[in-house]
Amino acid sequence: MSQPVYIVGAGGHGKVVFDTLRNMGRAVAGFLDAAPDKVGRNYMGTKVHDQETALKSISPADYQLANGIGSVSVRRRFYIEARAMGFAFPRIVHPAATVSDDANLAQGVQIMAGCVVQPGTRISENCLINTSASIDHDCDLGAHVFVGPGATLCGTVTVGTGSHVGTGATILEDLSIGEDATVGGGAMVVKSVPDGVTVVGVPAREVK
């Protein structure tokens, strides 16, 4: 039997994670949040607990955690800290997503409703593939990558650790996005992007 799941982050993305887990038939134990104004509230019909206190009292043997944090840097930091504490993160795949049996999904990967992930693609730990994004064949995503709603990665695209691909962006085939890079919403990427660089526009150009 699968362990119950606590969702970390009682905000917008946490709400989507809750709905996805429910559609997967997973039991949600509650929400954890560090914001004092959220603790003790009822959110999505489930209690919000103080994050720091709860993480000291619950056992990794009894519960898993789901990353409900939307910020790339914050969700990355929390995931690393929680893994060091021994917590596991389930793969979360909405039943309305289409994921090839030949795709490789690591621990903590989240695939939201309407997404398509094609054969040969590898998605590393703690990546978030948001609503209706499309990841074509043989793409390779490093850890902690965020792919926004409606974004498209054409075939054989590589995205480095910690990078952010904005809503509705398109990355053409055979290109690479470096580590900790940002592709702005709606951008059309026609050439590879180095580490730490932000690109925007059509075609995408570097922002200095």
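Me: How many salt bridges does a search of the whole structure find?
Reply: Bear in mind that this is a predicted model. The rule asks for a side-chain nitrogen of Lys or Arg within 4 Å of a carboxyl oxygen of Asp or Glu. Run over the whole structure, the search comes back with six.

Me: Take Arg22 and Asp19, then: how far apart are the closest N and O atoms?
Reply: Both residues sit in helix 1, three residues apart, about one turn of the helix. Asp19 is partly exposed because its relative accessible area is 28%, and the buried class stops under 20% while the exposed one starts over 50%. The two residues form a salt bridge, and the gap between the closest N and O atoms is 2.8 Å.

Me: In which helix do Glu52 and Lys56 lie?
Reply: These two form a salt bridge, with their closest N and O atoms 3.4 Å apart. Glu52 has a relative accessible area of 55%, so it is exposed, and Lys56 counts as exposed at 67%. They are four residues apart, about one turn of the helix, and the element that holds both is helix 2.

Me: What about Arg122 and Asp140: how many residues apart are they?
Reply: They form a salt bridge whose closest N and O atoms are 2.6 Å apart. The pair links distant parts of the chain, with Arg122 in strand 11 and Asp140 in strand 14, and the spacing is 18 residues.

Me: Let's move to the domains. What distance separates the centres of domain 1 and domain 2?
Reply: The chain is divided into domain 1, residues 5–90, and domain 2, residues 91–200. Taken over C-alpha atoms, the separation of their centres is 23 Å.

Me: About how much area do domain 1 and domain 2 bury between them?
Reply: On the contact side, 21 residues of domain 1 meet 19 residues of domain 2. Carbon and sulfur atoms carry 57% of the buried area, and the total is about 1700 Å².

Me: Which residues of domain 1 lose the most area to domain 2?
Reply: There are three of them, and together they make up 33% of what that side buries. They are Val72, Arg76 and Tyr79.

Me: Which residue forms a salt bridge with Arg76?
Reply: Across the interface of domain 1 and domain 2 the rule finds one salt bridge. The closest N and O atoms are 2.9 Å apart, and the partner is Asp180.

Me: Which element gives the largest share of the side of domain 1 that touches domain 2?
Reply: The interface also holds nine residue pairs in polar contact. Helix 1, strand 5 and helix 3 each give two or more residues to the side of domain 1 that touches domain 2. By class, that side has twelve nonpolar, five polar and four charged residues. Eight residues, the largest share, come from helix 1.

Me: Now Asp33: which residue's backbone nitrogen does its side chain reach?
Reply: Asp33 is in strand 2, and it is buried because its relative accessible area is 9%. Among the residues it touches are Gly9, Lys38 and His49. The side chain of Asp33 comes to 2.8 Å from the backbone nitrogen of Ala10.

Me: Is Thr46 buried or exposed?
Reply: Thr46 is found in strand 4. Its contacts, leaving aside neighbours within four places in sequence, include Phe18, Phe31 and Arg41. Its relative accessibility is 11%, and with the cut-off at under 20% Thr46 therefore counts as buried.

Me: Last one: what distance separates the C-alpha atoms of Ala97 and Met112?
Reply: Ala97 is in the loop between strand 6 and strand 7, and with a relative accessible area of 14% it is buried. Beyond its neighbours within four places, Ala97 is in contact with Ile111, Met112, Gly114 and Cys115. Ala97 and Met112 are 15 residues apart along the chain, and their C-alpha separation is 6.5 Å.

Conventions
Residues are numbered from 1 along each chain as its sequence is written. This is a predicted model: local features need pLDDT of at least 70, side-chain atom pairs count only at pLDDT 80 or more; totals for chains, interfaces and linings use all residues. Side-chain values use heavy atoms; hydrogens and water are left out. Buried means under 20% relative accessible area, exposed over 50%, partly exposed in between (1.4 Å probe, protein chains only). A polar contact is a pair of N or O atoms within 3.5 Å; within protein, one must be able to donate a hydrogen and the other to accept it, and residues adjacent in sequence count only if both atoms are side-chain atoms. Contact means heavy atoms within 4.5 Å. Domain bounds come from an automatic or database domain assignment. Buried area is the accessible area (1.4 Å probe) that two parts lose on being put together, summed over both. Ala, Val, Leu, Ile, Met, Phe, Trp, Tyr, Cys and Pro count as nonpolar, Asp, Glu, Lys and Arg as charged, and the others, Gly among them, as polar.
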